[in-house]
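User: I have a model open and want to talk through how it packs. Can you walk me through it?

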Amino acid sequence: MRKIILSLLFLFCYREAWLQKAGEAILLDTINVHNLYSDSIYASFIHSVTNSKSSRPFTLYLWNSRTHAIKLEPSFASRETPSSEAVFIKPLSTFMDRYPLILRRDTANRIIEAYLATSPVFTLEIKGVEIATSILNFSSKHDLVSFPEEKIFIPYGKYFNGDPDVIKGRDNKSYDKSMNALYKDYANQIIALNLRRMSYAISTIKYYNVDIICADQEAVEVISEPGFQDKSVKEVKIKAGSKQGIIPGRDYSCYAKRNVGSQTYYEHLDNIEIKSVEESSSIATTPAFNGRDLAKSFKAGDIIKAVPRYDKRALNRLNMPAGQKTINLSIRKDCLFCENEAQQLIINNPSLNLIERNAPELKYFSSLLKDERFIDYSIDDLQGRQSGYRLLITFEGNDVIATDVQTNRIISNSKIQKKLIDFSTTAGFNVDDLSLILSSFDPDNFSIRVTDVLEQKKEKINTVLMYNPAGFERVTKFEIYKEESVDVDGEKMKRKIIIGNGKIGKIFSSNLAELNVKDGEAAVYQAYSRKEPVFVQYKN
Amino acid sequence: MENKSKIILFFLFVAFILPGVFQDRLDAQTQTQSRIAIVGIDIIKDSSKFFISSGMDDYNSAAVLYQVPNACIEYFSNFKNFVAIDKKNLSLINMEKELQKSEEFIDGYIVDQGKDEGVDYLVKSLYYEKKKNLVIRIYDIAGGNVKCSKEQKLESNILGIKNINNQVRLMLHELVYECFGIKFTVLKGNEPAGSRLKHLTVVMGRKSKVKEEDQVEIFELVEENIDGEVLKRKNILGTGKVNEVVDENFSNVKIESGDKIIADALSKGKKLYCTIINEYK
């Protein structure tokens with residue numbers, strides 16, 4: 001009997017080891033490419049991605065973001081693999097044949113200089129969606145190539161019999177004629193400049209590979225050295241390697257676990273760069289003038305974690321308390337890359353899962369998981385796990401409306417503060433607005449609360465610690481209040497009594513900050529000493 | 001044996017009666033809130049226009065008028081007496097719920113199905129371009145009739161319609177009093193200087209969509225017996241202005257007229273109420 005069990009166990013282990021893991025589907029948008037330069041850079045980018053020697057399996061698709069059509073990149077025609085994540089890439093190129101004519105004027109509105117402003121960029125907007133759940137994993141923007149503005153000066157008098165702007169307003173045909181003549185004369189100069197920059201762009205792009213696009217979003221453990229005595233750390237060992245998706249050259253930030261009041265958070269120490277990677281460990285080095293804080297933490301025996309630099313969600317996930325509830329929500333939008341400001345704010349918050357419903361392409365990848373061709377892949381755990389959303393956020397003008405999908409109830413309606421120059425629908429949507437929505441929806445788990453008293457002098461409380469799952473912004477003002485129960489026609493109603501004001505001081509982590517109490521330090525102390533519950537709210 | 005039957009009876013009481021009592025209490029609490037849905041605005045064009053306009057004024061007023069449904073949503077959402085139901089996103093929400101029924105979601109997160117809330121009332125707005133009048137109607141779904149309606153010329157100046165959100169909010173305050181008899185209880189008088197009263201604490205706050213500078217009417221309800229039928233008459237005692245919105249439930253009102261009568265009424269223990277006057281300033 002024992003032999004049978006052992007052989008079955010062995011067979012199971014063998015099968016698990018034999019099965020291959022699903023990889024990444026990289027979808028490159030093809031509709032933005034429109035001229036010789038952009039085409040060349042784009043082709044070079046595809047070449048670079050195609051030839052990546054990645055630690056993870058991936059398949060490259062050519063994608064049309066308007067029609068949602070996808071097709072395999074020819075070199076992947078015979079090596080398509082199932083994917084666990086779809087990475088959508090939207091390139092933007094501003095290489096042009098005709099750069100805009102800029103006129104600089106003095107205070108008397110006289111033209112000082114006229115030039116063609118050339119500052120081409122090649123930018124990638126990237127969104128990663130988990131295929132099994134439709135959760136938006138990450139959203140980032142990479143400026144692959146960005147050149148400083150180079151001016152091509154124009155003797156405008158040669159082409160225009162006066163002020164070009166006046167001529168444009170008065171006689172558009174004549175203006176166009178002059179501009180055509182101008183561009184004809186300067187065509188060679190523009191081509192030379194573009195080619196020079198293009199060759200530089202292509203040489204930069206060749207270092208861009210799949211691992212950079214699909215880099216993992218997890219925090220990893222830094223191995224501290226017992227008995228460390230130096231003043232500065234030059235090299236650190238990380239408890240994760242190629243198996244965990246660590247890649248050489250990637251920047252990480254180190255954080256040490258700290259306590260404040262009854263809460264814990266991670267404090268920034270130093271930045272590191274991965275130098276060499278083994279199967280389950282890596283070596284990273286600190287840049288110049290870094291490493292002193294790491295050394296102090298090594299000596300103190302702190303718990304140290306490394307988080308991909310600039311990855312706010314990974315850092316915030318590290319700081320999220322274990323019992324914090326999560327909410328699945330979605331934003332009403334018309335395309336995958338729309339409403340970016342609000343999306344980024346939500347993605348950065350690990351207690352929120354943003355469900356993507358504007359990517360019908362995901363259906364194709366879900367269907368691949370059922371394809372018999374991929375019987376050798378471990379994909380059972382990727383099926384039947386699609387996530388629905390409970391909260392729907394709609395932006396209309398300055399209004400933000402949150403609806404509970406379960407009951408169709410409008411949970412909150414608030415106005416966002418937009419600037420005159422904000423054209424995007426979601427611009428101006430910030431942490432305060434998000435906090436209002438979340439606390440209206442689930443006040444028990446998403447309300448701002450005072451957790452500890454941090455500073456107290458005689459009979460005054462000067463600083464308290466606050467926790468807000470939605471996050472904090474600097475210099476935000478709050479009101480501190482207590483509640484009293486009032487009887488109105490037999491109904492018990494709560495009445496807020498403002499006992500003090502406060503302003504955000506030090507922000508420890510995305511959800512933990514100190515509140516410096518102004519006006520009412522004594523009243524706050526009295527409330528605390530009487531063990532009366534004290535609350536906080538945004539000051540209007 | 002007798003003890004045993006007593007215990008069984010006790011458990012039966014706990015199992016069947018108590019949950020019923022609590023449920024009734026819960027129902028009573030939720031029943032006080034009416035479910036209300038807001039639909040879009042219809043603009044009735046002026047067909048008698050003979051001259052050709054630049055189109056800009058039409059464009060501006062249309063852009064402003066499309067804010068009316070949103071202003072209604074803002075008014076009714078989180079209002080103490082109402083639950084606002086989202087009609088605008090209904091198709092999207094239904095699509096999402098249908099999607100969640102598929103087998104792809106079998107091990108994933110889904111919302112509870114069948115918890116959609118019905119609507120008791122529907123708010124619809126109309127704008128007559130010729131008269132420049134805005135009409136807001138509240139329809140009773142069960143009765144299938146118009147419960148109440150308010151037509152009003154919108155305040156405007158050379159730049160177009162003035163603060164549409166505030167004008168709609170004041171119209172709705174008048175409507176909800178007419179439709180649902182929603183009035184705000186005067187809790188107590190403040191700062192008694194001699195026999196005169198200057199301020200009142202009223203049970204209306206941010207949840208009642210009250211704003212500072214709102215004009216209020218202070219009144220008592222007098223019961224009149226007409227041919228055996230008891231009717232309530234509104235006896236206006238004075239007016240005031242919202243001085244400070246304290247919190248979600250309470251506001252301070254500065255009395256502007258009738259302070260003596262109001263003080264008298266309060267000292268006699270009479271129940272006083274407030275409503276917001278639909279007067280845009």
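**Cores, sheet and contact**

Analyst: Start with the largest nonpolar core: among its 124 residues, I26(A), L27(A) and C72(B) touch the most other members. Such a core is a set of buried Ala, Val, Leu, Ile, Met, Phe, Trp, Tyr and Cys residues joined through C-beta atoms within 7 Å. Helix 5 of chain B (residues 164-180) gives the most to this core, seven residues. Helices (H or I, at least four residues) and strands (E, at least two) are DSSP runs, numbered from the N terminus.

User: What are the ground rules here?

Analyst: The model is predicted: local features need pLDDT of at least 70, side-chain atom pairs count only at pLDDT 80 or more, and totals for chains, interfaces and linings use all residues. Residues are numbered from 1 along each chain as its sequence is written, with chains lettered from A and ligands numbered from 1 in the order in which they are written.

User: Which residues does I26(A) touch?

Analyst: V49(A), F58(A), L60(A), Y61(A), V87(A), I89(A), V210(A) and I213(A), leaving out residues up to four places away in sequence. Contact means C-beta atoms, placed from the backbone, within 7 Å.

User: And what does the second, separate core include?

Analyst: That core has 48 residues, including A240(A), V307(A), A314(A) and Y525(A).

User: Which residues of helix 7 of chain A are buried?

Analyst: R313(A), A314(A), L315(A), N316(A) and N319(A). Buried means 20 or more other C-beta atoms within 10 Å of the residue's own; exposed means 12 or fewer, and partly exposed is in between. Their cover includes strands 9, 14, 16 and 26 and helix 8 of chain A.

User: Switching to the open sheet. What's the strand order?

Analyst: 4-3-2-5-8-9 in chain A, six strands with mixed pairing. Pairing needs at least two DSSP bridges between two strands. Strand 4 and strand 9 are the edges.

User: How do strand 2 and strand 5 of chain A pair, parallel or antiparallel?

Analyst: Parallel, over six bridges. A25(A) has A86(A) as its bridge partner in strand 5 of chain A. Helix 2 of chain A packs on the sheet, at about 155° to strand 5 of chain A. Angles run from 0 to 180 degrees between N-to-C directions, with axes fitted to C-alpha atoms, for helices over the stretch in contact.

User: How many residues does each chain put into the A-B contact?

Analyst: Chain A gives 34 and chain B gives 36. Strands 20, 21, 22, 25 and 26 of chain A each supply at least two residues of the chain A side.

Definitions and conventions
Two residues are in contact if their C-beta atoms, placed from the backbone, lie within 7 Å.
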